[in-house]
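Hello,

Here is the structure I promised to pass on. Please open it first, then read my notes beside it.

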Amino acid sequence: MISTDTWCICQIDDGSWRIAWQEVYALIVEYQRIKPELLAPAGSLEKCRIAFLYGADAVYAGGKDYNLRSHANNLDFEELAEACYLAHSLGKKLYVTVNVFGREADIRALPSFLQYLQDIRVDGIIVSDPGVLLLANHWAPDIPLHLSTQANTTNSLSVQFWQNQGIRRINLARELSFEELLEVRKVAEIELEVFVHGAMCISYSGRCLLSAFLNNRSANHGLCTQPCRWSYSLVEEKRPGQYFPIREDSRGSYIFNSKDLCLLEHLGRLMTIGIHAFKIEGRMKGALYLASVVRTYRQAIDRYWEAPGAFELDEKWEEDLERVSHRPYTRGLLFNDSIDACQGVEVSTGYLQSHTLAGIVRPAPQTRWETPLFSPDDGKVWTYIEVRSRLTSGMELHFLGKNGSTTVCVLGDFQDLSGNHLPVAHPNTWIRVHLTFGTFPYQVIRTAR
Ligand code: SF4
């Protein structure tokens with residue numbers, strides 16, 4: 001809340017702190033008309049489509065054919081070009097992550113990839129290694145460079161340093177408090193981006209070798225398997241199989257284990273100080289997570305933008321965020337004067353998940369004569385669904401709308417693509433059904449677990 005006298009007093013739930021009103025006022029005047037970009041993860045072409053459908057302004061994706069990354073949750077050359085075309089045809093943007101801390105072999109492989117990114121005209125390249133930045137400046141000079149959170153930018157001088165290196169946008173470290181964000185905002189002449197949702201590291205992002213040691217999958221190559229979430233015990237060398245508990249408290253010890261970030265209710269404050277982009281974490285997350293989180297933040301940003309004074313959280317948003325696979329939520333370290341900061345470590349390893357992905361609506365396969373748009377018997381339209389969970393008649397399905405609405409229906413009779421009536425549909429098969437409401441291609445469907 002802002003008073004009009006000399007000081008601005010910002011109340012943060014159980015605590016309060018003061019900053020000079022004049023400084024905040026100047027920031028507000030300068031930045032209040034910046035509508036932040038909603039930036040979503042896209043681990044595949046399908047997820048690109050889903051992110052855009054549900055309201056992302058931009059997506060970030062990795063490439064996999066340049067010897068830096070090998071995980072399936074990335075796009076090959078052709079898919080990157082297609083994602084770029086898709087983004088631009090919708091008036092949206094594609095950024096490509098090249099945020100590896102390059103080894104010599106990486107550095108040798110990178111020029112052709114960077115040149116390719118320039119050729120297909122991606123909207124930004126996300127880097128963290130100064131060596132990669134040098135290469136990108138040389139091989140993709142026309143593409144704006146964004147600094148990854150893995151560069152751990154925590155202060156205004158670092159911002160100035162990266163600004164001088166030609167960086168267009170910086171993703172600030174998740175470890176900053178709101179006061180520190182303000183300090184940085186005052187001096188930054190480039191775009192600032194912050195994470196608003198998703199998993200958090202217990203270390204500074206990217207400065208962690210747990211996954212590399214325990215699973216041979218390096219966080220620095222975007223392959224983290226999150227061993228920080230596991231439960232650890234003590235084993236004496238000569239007594240294998242005997243696990244001695246380490247007790248942090250009566251519930252056990254999960255010393256590395258963070259809750260998930262969720263800044264939904266604080267978007268307004270971040271918009272007031274002029275953050276250019278709100279980023280959602282999770283390139284390896286599934287379609288249900290992506291659709292639910294993106295549509296929630298889309299609506300929240302739009303609603304705050306239209307009427308900041310009347311902004312209220314919508315129950316539906318919280319419901320959506322609760323229904324995806326997640327760990328208990330925290331507002332992280334942004335308001336580190338709050339009790340929440342002490343509760344950032346979660347004391348169980350399990351993810352909360354009340355719902356799961358039932359399927360995705362697909363365009364009718366055009367090349368198969370047996371997959372008509374209409375039923376020849378009664379002329380009703382078929383809806384084609386790619387099944388992702390085991391489905392049976394009588395199950396309740398939720399079709400997620402783009403505008404935040406959800407259409408609930410009970411699954412009736414359904415057929416395979418050859419017209420055979422099925423008692424059960426298995427994951428990775430297709431079915432067709434008659435529905436009494438409209439759907440759209442790539443619409444995400446959830447069901448209770
Ligand atoms: S193991 Fe945990 S702390 Fe380490 S990089 Fe992965 S998510 Fe972050």
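A residue counts as buried when its relative accessible area is under 20%. Keep that cut-off in mind for helix 2, which spans residues 45-53. Seven of the nine residues in helix 2 are buried, so the helix is mostly covered. The buried ones are Leu-45, Glu-46, Lys-47, Cys-48, Ile-50, Ala-51 and Phe-52. Note that Glu-46 and Lys-47 are on that list. After helix 2 comes Gly-55. The phi of Gly-55 is positive, near 115 degrees.

One caution before you go on: this is a predicted model.

**The whole chain**

The protein chain has 449 residues, and 52% of them count as buried. Its secondary structure comes to eleven helices and 22 strands. The accessible surface is about 20,900 Å². Carbon and sulfur atoms make up 51% of that surface.

Next, look at helix 6 (residues 156-164) and helix 7 (residues 178-187). Their axes come within 9 Å. They cross at roughly 35 degrees, and the crossing is right-handed. Which residues of helix 6 meet helix 7? They are Ser-156, Val-159, Gln-160 and Gln-163. On the side of helix 7, the partners are Glu-183, Val-184 and Val-187. By class, this contact has three nonpolar, three polar and one charged residues. The spacing along each helix is worth a thought. An α-helix has 3.6 residues a turn, so residues three or four places apart point the same way.

**A threonine in helix 10**

Find Thr-296 in helix 10, which covers residues 287-306. Is Thr-296 buried or exposed? Its relative accessible area is 0%, so Thr-296 is buried. Leaving out residues up to four places away in sequence, Thr-296 touches Leu-264, Trp-317, Asp-320 and Leu-321.

**Around the ligand**

Last, go to the ligand. Four cysteines surround it, among other residues: Cys-201, Cys-208, Cys-224 and Cys-228. Ile-202, Ser-203, Ala-219 and Pro-227 are also part of the surroundings. How many residues of this shell are nonpolar, polar or charged? Seven are nonpolar, one is polar and none is charged. Ser-203 is the polar one.

Best wishes

Note on methods: Residues are numbered from 1 along each chain as its sequence is written. This is a predicted model: local features need pLDDT of at least 70, side-chain atom pairs count only at pLDDT 80 or more; totals for chains, interfaces and linings use all residues. Side-chain values use heavy atoms; hydrogens and water are left out. A residue is near a molecule or strand if one of its heavy atoms lies within 4 Å of it. Axes are lines fitted to C-alpha atoms, for helices over the stretch in contact, and angles run from 0 to 180 degrees between N-to-C directions. Helices (H or I, at least four residues) and strands (E, at least two) are DSSP runs, numbered from the N terminus. A crossing is left-handed if the near helix is turned anticlockwise from the far one by less than a right angle, and right-handed if clockwise. Contact means heavy atoms within 4.5 Å. Buried means under 20% relative accessible area, exposed over 50%, partly exposed in between (1.4 Å probe, protein chains only). Accessible areas come from the Shrake-Rupley method with a 1.4 Å probe; for residues, only the protein chains shown count as cover.
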